[in-house]
Every structure is written in structure tokens, then in C-alpha cells.
Amino acid sequence: MTILRVEGLTKRFGGLVAVNKVDFEVSEGSILGIIGPNGAGKSTIFNLVSGIIPPDEGRVVFQGKEVTGWKPYRMAREGIARTFQTTALFEELPVYVNLLIGYRMRTRSGLWDVVLQTPRARREKKEAAEKVMEVLAFTGLAEYAFRPAGSIPQEAQKRLAIGIALMGNPRLVLLDEPTGGVGMEETNGIIELIARIRERGITVCVIEHKMRMIMSLANRIVALNFGVKIADGVPQEVCEDRAVIEAYLGEQHA
Ligand SMILES: Nc1ncnc2c1ncn2[C@@H]1O[C@H](COP(=O)(O)OP(=O)(O)O)[C@@H](O)[C@H]1O
Ligand SMILES: [Mg+2]
């Protein structure tokens, strides 16, 4: 079953067509890899699908419902979560508080619920605490729970960013270069975490530069260059695709 479909997705910035009539589909419970040289339009696609910016043309269909142009909070409520290319943590605050903030953004309690400690506020507080415990365990961050987020290893910070995305029980997570800035040797924990997210039945779209990683993780790969989709298929096919090889060689020569 298809969980996400984008059709003719187009975004222009002035004269630049950052995303140009892109189509792809993601099957529920799978991992889709998105690759392409710098500036290919990968992050812009995530911005469009998560509602940060509206497309100029095209459609985004999530779980059979058209969500094109919806604001980020509505996308999140539908079940789409994302991480950013540069990790945006509250570095002075403990790891568990970073997770809680991710959760609070989605709860329904209003100010009066919290002040008066209504049953709803009390229930949500308990749920939030349980969710924090669950995500700490799932991401392997329990040992760091009380440490300021900025003080834990870079690789653990990357897992925390993924954990924050998981706090809202998403159906789809968009991971923008989840191993960016992390050395080759330290990526294994992140790769394993992404695989376990899929095992839970959560669909993953991941933008990744490290080919070895994407080849071993993704069920399908979409390749972009200059905003245009140049290949779409199983990892082996895309890896051997002439246009993909040329796009990457071009980047190395640049
Ligand atoms: N908000 C923006 N305003 C203007 N140009 C942008 C904006 N976001 C992205 N771009 C441009 O769009 C192109 C695609 O960017 P991006 O999607 O970030 O590429 P990638 O993630 O594949 O490296 C780049 O040329 C980038 O400079
Ligand atoms: Mg990017």
C-alpha cells in the first residue's frame, strides 16, 4: 500500500527551479532513500512534504488524503514527522526535556488544563512521561537522559533528533542526512536505529550521502539532480544508472 505519493511537485525560488515536476511513491512500512548531489532539491522536497513551504505546483497525498500546502502542525497531526539537516536541539537542556518539548508541541491541553490540573492535563502528563521513557530506551539514550543535549556525543545527538521526531507517534518520518557530520565508524548505531524504526511499521524517507549506508538500508531509491528526478528503483538499479553515476562524477569534478 502507498502511504505517500507526490505528483508533479514543483518549487521555484526566483529563477531557480529547486524541485521540478517530481513524482514518486513510498510504500507503507518501507524505507525510501533520496540521493543526489548538493543543491539537487532533496531538502526542499522534505520542506514541501512536511509543510514548511507550499509547492508552486503538484500534489502531496498522504494516506490517501490530499495534504498539499498544509501547515507543519497539521502535517504532524496527520502523522508526518521530520528531522533537519542541521540538528536543532535545545543544547543547554537535558536530553529528556528535549524529548518532552517535542511531545508538548502536540498535546491538546490548554493553559487552564495545566493550571487547574484537569484530568486531561494529568493524563497527558503521564502519557508524556511514558513516551519519554519508551523513546529513551528505543533510541538507546537512557544513559544520557539527564545530560545537557549539547554535551553528549555527536552521534547520540543525531539519535536524539530522531527520537524527538518519534515522540508524536508518526506514521512517516523524514530524515534529512541523519548521519551528517558523523564519522563513518560511528554511523552504525544510526543505521541500526533506522532499521528498527521500519521494523515497528513506521515508514521512513531518508536523504543520505553515504552510498554504502543507503544501499544497505533502502528498499527503493529516488535520485535527483538539479531538481529533476533522474532515477527511481531498487538500490542496485539506481546505483548502476548512467545518469546517477554521471551526476555523482560531475559533483566530484566540481
Ligand atoms: N528558501 C530558499 N530560498 C532560496 N533558495 C533556496 C531555498 N531553499 C533551497 N534553495 C535552493 O534550492 C536548491 C536546492 O536546495 P536543497 O533542497 O537544499 O538541496 P539539497 O538538499 O539537495 O542539497 C539550491 O540551489 C538551494 O540554494
Ligand atoms: Mg539538503
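Helix H5 (residues 119-139) packs against H6 at an angle of about 140°, and their axes are 10 Å apart. Axes here are lines fitted to C-alpha atoms, for helices over the stretch in contact, and angles run from 0 to 180 degrees between N-to-C directions. Helices are DSSP runs (H or I, at least four residues), numbered from the N terminus. So H5 is oblique to H6. The cut-offs: under 35 degrees is roughly parallel, over 145 roughly antiparallel, 65 to 115 roughly perpendicular, and the rest oblique.

H5 passes H6 in a right-handed crossing. Right-handed means the near helix is turned clockwise from the far one by less than a right angle; anticlockwise is left-handed.

Which residues in H5 meet H6? Lys131, Val135, Phe138 and Thr139 do, and on H6 they meet Arg159, Gly163 and Leu166. Contact means heavy atoms within 4.5 Å.

A word on the source. This is a predicted model: local features need pLDDT of at least 70, side-chain atom pairs count only at pLDDT 80 or more, and totals for chains, interfaces and linings use all residues. Residues are numbered from 1 along each chain as its sequence is written, chains are lettered from A and ligands numbered from 1 in the order written, and side-chain values use heavy atoms, leaving out hydrogens and water.

Next pair. The axes of H6 (residues 154-166) and H7 (residues 188-199) come within 10 Å and cross at roughly 15°. That makes H6 roughly parallel to H7.

Now domains, whose bounds come from an automatic or database assignment. Domain 1 is 1-79 + 172-194 + 203-254, and domain 2 is 89-169. Their centres, over C-alpha atoms, are 27 Å apart. 13 residues of domain 1 contact ten residues of domain 2.

Terms used. Helix = DSSP H or I, 4+ residues; strand = E, 2+ residues; numbered from the N terminus.
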